[in-house]
Amino acid sequence: MSAITAIGGLNVKKSIGSRTIVFPTPTWVVGTYDHEGKPNAMTAAWGGICCSKPPCVYVSLRKATYTHGNIMRKRAFTINVPSEKHVMEADYFGIYSGKDVDKFSVSGLTPVQSSLVDAPYVGEFPLILECKVLHVIEIGLHTQFIGEIIDVKADISVLDANELPDIIKVKPILFDTGNRRYFGIGSYLGKAFSAGKEVQSNQYQLKLLSRKTIQEVHLQGI
Ligand SMILES: Cc1cc2nc3c(=O)[nH]c(=O)nc-3n(C[C@H](O)[C@H](O)[C@H](O)COP(=O)(O)O)c2cc1C
């Protein structure tokens with residue numbers, strides 16, 4: 001017997017509890033220096049853009065990470081966006097701690113000293129944000145570090161005609177929070193702040209009207 005998945009045209013939802021599951025989240029690598037100036041890289045998926053003016057980004061880190069102490073001391077970090085081809089190294093940076101190993105040496109990736117902030121970035125990764133700490137917010141298990149983006153650096157090879165990083169060329173990695181897997185990006189769907197205007201069109205509204213009529217007929221059992 002098949003389970004009921006839709007009632008009156010609406011999907012049936014099931015509660016799966018209060019959990020940290022949402023799509024998409026990034027797979028980023030946070031670059032920092034420790035107290036001896038040793039560069040470190042750690043993977044973070046709890047992060048995003050959080051202000052446009054000043055341009056800011058956040059990452060939420062547990063106190064137990066080496067990176068946490070590094071950021072508290074240096075008040076600076078970099079966000080490094082790996083390409084699909086570096087998924088192995090990105091995962092490695094998220095398994096081992098800079099307390100125990102020199103992750104740059106082991107992975108063979110290159111720490112490049114930022115000239116703007118007291119933190120290194122990953123030379124091989126195509127997109128870098130250089131950040132100075134603006135706010136530190138204690139949430140619970142995680143501390144949220146809000147960094148002001150001092151500069152964005154992108155490989156020339158990933159820039160488009162408008163001098164903007166092209167997501168198709170960067171090939172960022174998405175993190176599947178529930179099943180802990182990595183994915184690439186999907187296909188192009190439409191232009192932002194533009195595709196939505198279609199909703200007001202006659203064609204869209206007509207389609208909506210006919211759908212509503214079918215639903216009403218269905219519900220009335222005629
Ligand atoms: C895909 C992925 C995402 C992760 N996201 C976070 C995160 O957002 N915050 C966090 O505290 N740890 C996160 N971790 C775990 C840290 O990367 C891990 O504890 C790492 O060893 C810390 O490195 P460090 O001690 O050198 O700073 C993540 C790990 C993986 C593999």
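# Exercises on a predicted model

Of the chain's 222 residues, 27% count as buried (20 or more other C-beta atoms within 10 Å of the residue's own; exposed is 12 or fewer, partly exposed in between; C-beta atoms are placed from the backbone). The model is predicted: local features need pLDDT of at least 70, side-chain atom pairs count only at pLDDT 80 or more, and totals for chains, interfaces and linings use all residues. Residues are numbered from 1 along each chain as its sequence is written.

## Exercise 1: overall form

Task: State how many helices and strands the chain has, and why it is called more spread out than a compact globule.

Solution. 
- Step 1. Count the elements: five helices and 14 strands. Helices (H or I, at least four residues) and strands (E, at least two) are DSSP runs, numbered from the N terminus.
- Step 2. Along the principal axes, the C-alpha atoms fill roughly 75 × 45 × 30 Å.
- Step 3. Look at the domains. Domain 1 covers 25-183 and domain 2 covers 191-220; the bounds come from an automatic or database domain assignment. Their C-alpha centres lie 42 Å apart.

## Exercise 2: strand β4

Solution. 
- Step 1. Start with the general rule. Side chains in a regular strand alternate between the two faces of the sheet.
- Step 2. Apply it to β4 (residues 28-33). Six of its six residues are buried. Trp28, Val30 and Thr32 lie on one side; Val29, Gly31 and Tyr33 lie on the other. Both faces are covered.
- Step 3. Take the first partner. β4 pairs with β5 (residues 39-44) in the antiparallel sense over six bridges. Pairing requires at least two DSSP bridges between the strands. Val30 has Met42 as its bridge partner in β5.
- Step 4. Inspect the turn. The β4-β5 hairpin has five residues between its strands, and Gly37 in the turn has a positive phi of about 85 degrees.

## Exercise 3: the ligand shell

Task: Say which element gives the largest share of the shell around the ligand.

Solution. 
- Step 1. Define the shell: a residue is near if its C-beta atom, placed from the backbone, lies within 6 Å. The ligand has 20 residues around it; Trp46, Thr67, Gly94, Ser97 and Gly98 come nearest.
- Step 2. Assign elements. β5, β7 (56-62) and α1 (66-74) each give two or more residues. β5 has the largest share, four residues.
- Step 3. Sort by class: eight nonpolar, nine polar and three charged. Nonpolar means Ala, Val, Leu, Ile, Met, Phe, Trp, Tyr, Cys and Pro; charged means Asp, Glu, Lys and Arg; the others, Gly among them, are polar.

## Exercise 4: helix α1

Task: Which residues of α1 are buried, and what follows α1?

Solution. 
- Step 1. List the buried residues: Tyr66, Thr67, His68, Asn70 and Ile71.
- Step 2. Find the cover. It includes β4, β5, β7, β8, β11 (127-138) and β12 (142-154), with contact meaning C-beta atoms, placed from the backbone, within 7 Å.
- Step 3. Step past the helix. Arg75 follows α1 with a positive phi, near 55 degrees.

Methods. Rg over C-alpha atoms; globule rule 2.2 N^0.38 Å. Contact = placed C-beta atoms within 7 Å.
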